[in-house]
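Thanks for asking me to look this one over.

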Amino acid sequence: MNDLSDIAHLVELSVAPVFLLAGIGALLNVVTSRLGRVVDRARHLEERLYTPRSEEEASRIRAELGSLDQRMLLAQRAIFLFSTAALLICLVVASIFIGEFVDLAVPALVAMIFIATMFAMIAGLTLFLMEISIATKVLRVRADLFAK
């Protein structure tokens, strides 16, 4: 590799994974924001649990804290998987360049790392959908709060 066009070709090969990396970063931003909101809500409810107005309210708070705990766990795992996917994409880009400079055949390695990235993304998105499902199922506005 001593030609500028070879390096330009490597950069072209690296563009798609870099765009994927930007998308993963956006997903990480969304999930970490949701996790932060869940943590804030849990802290607020924990304080309210010390002085509930009634046993019914205390029971409702405990139930919501249980669902928030599930949501935190799912969000943490999704963040781990998205971060893993981002690291794997970085390995894909590095492998493309290293393989060319060291003159190694790395197509199979790049393909395997990319497949692992997709599995991490699939798992992370599945956990994200599960977290959203719990949020919409459990945290609905109570019917008794609607105006009659």
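1. **What we are looking at.** This is a predicted model, in which local features need pLDDT of at least 70, side-chain atom pairs count only at pLDDT 80 or more, and totals for chains, interfaces and linings use all residues. Residues are numbered from 1 along each chain as its sequence is written, and side-chain values use heavy atoms, with hydrogens and water left out.

2. **Salt bridges overall.** The structure holds six salt bridges, each being a side-chain nitrogen of Lys or Arg within 4 Å of a carboxyl oxygen of Asp or Glu. Among them, R34, R71 and E131 are linked in a network.

3. **R34 and E131.** These two side chains form a salt bridge, with 2.7 Å from N to O. The partners are 97 residues apart and link distant parts of the chain, with R34 in helix 1 and E131 in helix 3. (Helices are DSSP runs of H or I with at least four residues, numbered from the N terminus.) E131 is buried because its relative accessible area is 2%, while R34, at 26%, is partly exposed. Here buried means under 20% relative accessible area, exposed over 50%, and partly exposed in between, with a 1.4 Å probe and protein chains only.

4. **E64 and R41.** A salt bridge of 2.7 Å, N to O, joins the side chains of E64 and R41. This pair also links distant parts of the chain: E64 sits in helix 2 and R41 in helix 1, 23 residues apart. E64 has a relative accessible area of 15%, so E64 is buried; R41 is partly exposed at 31%.

5. **E55 and R62.** In this salt bridge the closest N and O atoms are 3.5 Å apart. E55 is exposed, with 57% relative accessible area, and R62 counts as partly exposed at 46%.

6. **The cavity.** Which residues line the largest cavity? They are V31, R34, L74, A75, A78, L127, F128 and E131. A cavity is a set of points on a 1 Å grid over the protein atoms alone where a 1.4 Å probe fits but cannot get out, and lining residues have an atom within 4 Å of a point. Helix 1 (4-50), helix 2 (55-101) and helix 3 (107-138) each give at least two residues to the lining. Six lining residues are nonpolar, none polar and two charged.

7. **A nonpolar surface patch.** I7, V11, V15, F19, I98, F101, V102 and L104 make up a nonpolar patch with about 770 Å² of accessible area together. Helix 1 and helix 2 are the elements giving two or more residues to the patch, and helix 1 has the largest share, four residues. Patch members have over 30% relative accessible area and no salt bridge, with nonpolar side chains (Val, Leu, Ile, Met, Phe, Trp, Tyr) joined within 5 Å. I7, in helix 1, counts as partly exposed because its relative accessibility is 35%.

8. **S67 and A135.** S67 lies in helix 2 and is buried, with 4% relative accessible area. The C-alpha atoms of S67 and A135 are separated by 7.8 Å, although the two residues are 68 residues apart along the chain.

How values were computed
1 Å grid on protein atoms, 1.4 Å probe; cavity = no way out; pocket = protein on both sides within 12 Å on 5 of 7 lines; lining within 4 Å. Nonpolar A, V, L, I, M, F, W, Y, C, P; charged D, E, K, R; others polar. Patch = residues over 30% accessible without salt bridge, like charges linked within 9 Å, V, L, I, M, F, W, Y side chains within 5 Å. Areas by Shrake-Rupley, 256 points an atom, 1.4 Å probe, with all protein chains shown as cover.
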